[in-house]
Protein chains: 2
Amino acid sequence: MTQQDARRTVGYQLKRVQAALRAAMDGALRVHGLTTPQYACLELLGQQPRLSNAELARGAFVSRQSMNVVLRNLEEAGLVERPSTAPSGRALPTRLTAEGERVLEAARADVLAIEARLTARLDPEQTRILLAQLEDMAESLSQ
Amino acid sequence: MTQQDARRTVGYQLKRVQAALRAAMDGALRVHGLTTPQYACLELLGQQPRLSNAELARGAFVSRQSMNVVLRNLEEAGLVERPSTAPSGRALPTRLTAEGERVLEAARADVLAIEARLTARLDPEQTRILLAQLEDMAESLSQ
DNA sequence: GACCATATGTCAGAATTCTGACATGACGCA
DNA sequence: TGCGTCATGTCAGAATTCTGACATATGGTC
């Protein structure tokens, strides 16, 4: 039996970093009246308007049902808007409102500060390598 | 505004990898009748017997209340055991049962295979560096 | 000894997220 | 045209996890 320390595995440390990141983001976003999943949704829409609920769910790694809840709350808060009828198929293309763009931009500054803190001890080259490694790891598991 | 792709951030890719890892672990552990949080609990106990509920919660990055639910299910399944009265203070030191050790050992093999898949494209030296970087990142956020 | 801060286990309730299921619309193919 | 497959939005219900609160036990401090 190898009996290696489970805390010294990539899997465990990934979980640890993600927990710390989530906590940091929740704290920073509370000021803006947003939760982390809500921010993820706004960020995706900021870069790709007209995404459907299902596409947003895949982008944020949650179920369609969960994203639907997020989307309804954002809609109720006036940060996003969806047409009442689908222009094609069943997908409802979602867009940020002007208010949504303002909130996103304000929140993004704080989130980028956290991202900077996250990679504070890495130089740009190391960060680039890390990013590529993470992408490789996700693909290695998916297939 | 930088307007960089949010998907090309360390934070986003961390979330992505962790989602893939969680899915892979859930699938592998289902065969053993375990969930990922339950496995995390067993693994911690396997290396440090007599951990209390609160210590296990911190080790698995969940609340005390959540870990308590996990612990009760494991107790009901006969994989762990706790004294009914605290030997000191209020903490109840938990231990694996013989059955718990058997299940853990069987499950660990599958989880280690996933860990191997995760780091498949990294040589031992790169893995060591990655591990250190992840630990640094968690600390950078915590303080 | 008295008091206060801290840590633990636990109850109660809410929030979040999930799985299962179903109806609907688009598309490919016989 | 008709049919099967797939994706989407949504409803219903359960599972999971969280926050808030409280009683209890320990240890330090006066």
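Reader: At what angle do the axes of helices H2 and H4 of chain B cross?

Author: Keep in mind that this is a predicted model. In chain B, the axes of H2 (residues 36-47) and H4 (residues 64-76) cross at roughly 80° and come within 10 Å.

Reader: Parallel or perpendicular, then?

Author: Roughly perpendicular: angles of 65 to 115 degrees count as that, so H2(B) and H4(B) fall in that class.

Reader: Which residues meet there?

Author: From H2(B) you have B:Pro37, B:Gln38, B:Cys41 and B:Leu42. On the H4(B) side they meet B:Met67, B:Val70, B:Leu71, B:Asn73 and B:Leu74.

Reader: And how many of them are nonpolar, polar or charged?

Author: The contact of H2(B) with H4(B) has seven nonpolar residues and two polar ones, with no charged residues.

Reader: Switching topic: what rotation superposes chain B on chain A?

Author: A rotation of 180°, with 0.0 Å of shift along its axis and an RMSD of 0.0 Å. That is the relation of a two-fold axis.

Reader: What percentage of the contact residues of chain B recur in chain A?

Author: 100%, with the same surface serving both copies.

Notes: Residues are numbered from 1 along each chain as its sequence is written. Chains are lettered from A and ligands numbered from 1 in the order in which they are written. This is a predicted model: local features need pLDDT of at least 70, side-chain atom pairs count only at pLDDT 80 or more; totals for chains, interfaces and linings use all residues. Side-chain values use heavy atoms; hydrogens and water are left out. Axes are lines fitted to C-alpha atoms, for helices over the stretch in contact, and angles run from 0 to 180 degrees between N-to-C directions. Helices (H or I, at least four residues) and strands (E, at least two) are DSSP runs, numbered from the N terminus. Angles under 35 degrees count as roughly parallel, over 145 as roughly antiparallel, 65 to 115 as roughly perpendicular and the rest as oblique. Contact means heavy atoms within 4.5 Å. Ala, Val, Leu, Ile, Met, Phe, Trp, Tyr, Cys and Pro count as nonpolar, Asp, Glu, Lys and Arg as charged, and the others, Gly among them, as polar. Copies are superposed by least squares on the C-alpha atoms of residues with pLDDT of at least 70 in both.
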